[in-house]
Amino acid sequence: MAGSLVILTGAGISAESGLGTFRDTDGLWAEFDWQELATPEAFAARPARVHAFYNARRANLTAARPNAAHTALAQLERAWLARGGDFLLVTQNVDDLHEQAGSERLVHMHGELKKMRCLGCHTVTDAVGELDTGTCCPRCQQPGFLRPHVVWFGEIPLEMDLIFQALETCTHFAAIGTSGTVYPAAGFSEVAKRAGAHLTEINLAQTETSPLFDSHVSGPASTAVPAWVEAFLAQG
Ligand code: OAD
């Protein structure tokens, strides 16, 4: 029987789809101050500014399409499940490019840009168009309680129980296009290593966590990921 595969993706997988990364020299956090935009405190102090930042990022998504790396991971999922293996794709990305490519066993640990959450009734709904401080929740109809359904610094990422359960029993772990600097995701490779998994890193560059990995594939995700998927399926 095929083993249990966990894939972690970060902003690098979507870079060639036209979405900026965070920590590269042209990344979002080089242009914007995350402390003023991506914390609960920033939202409490200046919600209109935070909404404007996420509205702009949501607008960028309109034209974004999956690249060959997203497509290859969706193919890998189908092929691996057909062999009887377990599969979980964990993304730190708030875009929907994995869904557009056809991935199904997918968790968005940092939330989703195209969703919003009501701080009053806790309902998560689709975010259509721009949000502002007067937008009403479609469920409870209260204005002023909606926030982007994304995880901010200082908040606990989503689906942690499911993710750790998968990591603790995985046989293969691959990290793609992530700098390995933001916890808890940066610690996933260690958990997988302790579980005895084979660790593969796919990235343009070395990362903080590179020394822990057994294999490295260096190159842009749109060519490196399809090549790795083909080789992985051929050997597995
Ligand atoms: P980063 O911006 O920290 O790292 C992007 C990684 O992708 C780097 O290691 C690059 O070398 C690599 N990279 C860039 N282009 C690539 C390409 N075409 N092919 C392959 N690799 C490429 O992004 P993340 O690691 O995803 O969280 O950042 C983690 C979290 O920090 C994000 O989810 C976000 C951010 O602050 C929150 O906002 C809570």
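Student: Which residues come nearest to the ligand?
Tutor: First, the basis: this is a predicted model, where local features need pLDDT of at least 70, side-chain atom pairs count only at pLDDT 80 or more, and totals for chains, interfaces and linings use all residues. Residues are numbered from 1 along each chain as its sequence is written, and side-chain values use heavy atoms, with hydrogens and water left out. A residue is near a molecule or strand if one of its heavy atoms lies within 4 Å of it. Here 23 residues are around the ligand, and Phe22, Arg23, Thr178, Ser179 and Asn203 come nearest.

Student: With which side chain does the side chain of glutamine 92 make a polar contact?
Tutor: With that of threonine 178, at 2.9 Å. Glutamine 92 sits in the loop between S2 and helix H6 (97-101). Helices (H or I, at least four residues) and strands (E, at least two) are DSSP runs, numbered from the N terminus.

Student: Is glutamine 92 buried or exposed?
Tutor: Buried means under 20% relative accessible area, exposed over 50%, and partly exposed in between (1.4 Å probe, protein chains only). Glutamine 92 has 12% relative accessibility, so it counts as buried. Contact means heavy atoms within 4.5 Å. Not counting residues up to four places away in sequence, glutamine 92 touches Leu8, Thr9, Gly10, Met109, His110, Thr178 and Ala185.

Student: Which residues of helix H7 are buried, and which are exposed?
Tutor: In H7 (residues 160-168), the buried ones are Met160, Ile163, Ala166 and Leu167. They cover an arc of only 130° around the axis, which puts them on the same side of H7. That arc is taken from the directions from the helix axis to the C-beta atoms. On the other side, Asp161, Gln165 and Glu168 are exposed.

Student: What covers the buried residues of H7?
Tutor: The cover includes strands S1 (4-9), S2 (86-91), S3 (106-108) and S7 (172-176), and helix H8 (188-194). Take leucine 167, which has a relative accessible area of 0%. Leaving aside neighbours within four places in sequence, leucine 167 is in contact with Val6, Phe173, Phe188, Val191, Ala192 and Ala195.

Student: How many bridges join S1 to S2?
Tutor: Two strands pair if DSSP finds at least two bridges between them. Six bridges join S1 to S2, and these strands run parallel. Leucine 5 stands opposite phenylalanine 87 in S2. S2 and S3 also pair in the parallel sense, over three bridges. Five of the six residues of S2 are buried, so S2 is largely enclosed by the rest of the structure.

Student: In what order do the strands of the open sheet stand?
Tutor: The order is S5-S4-S6, with antiparallel pairing. Strands S5 (124-126) and S6 (146-150) stand at the edges, each with a single partner strand, so one side of each is left without a neighbour in the sheet. S4 (residues 111-118) pairs with S6 over four bridges. Glycine 111 has valine 150 as its bridge partner in S6.

Definitions and conventions. Polar contact = N/O pair within 3.5 Å; in protein donor to acceptor, adjacent residues only side chain to side chain.
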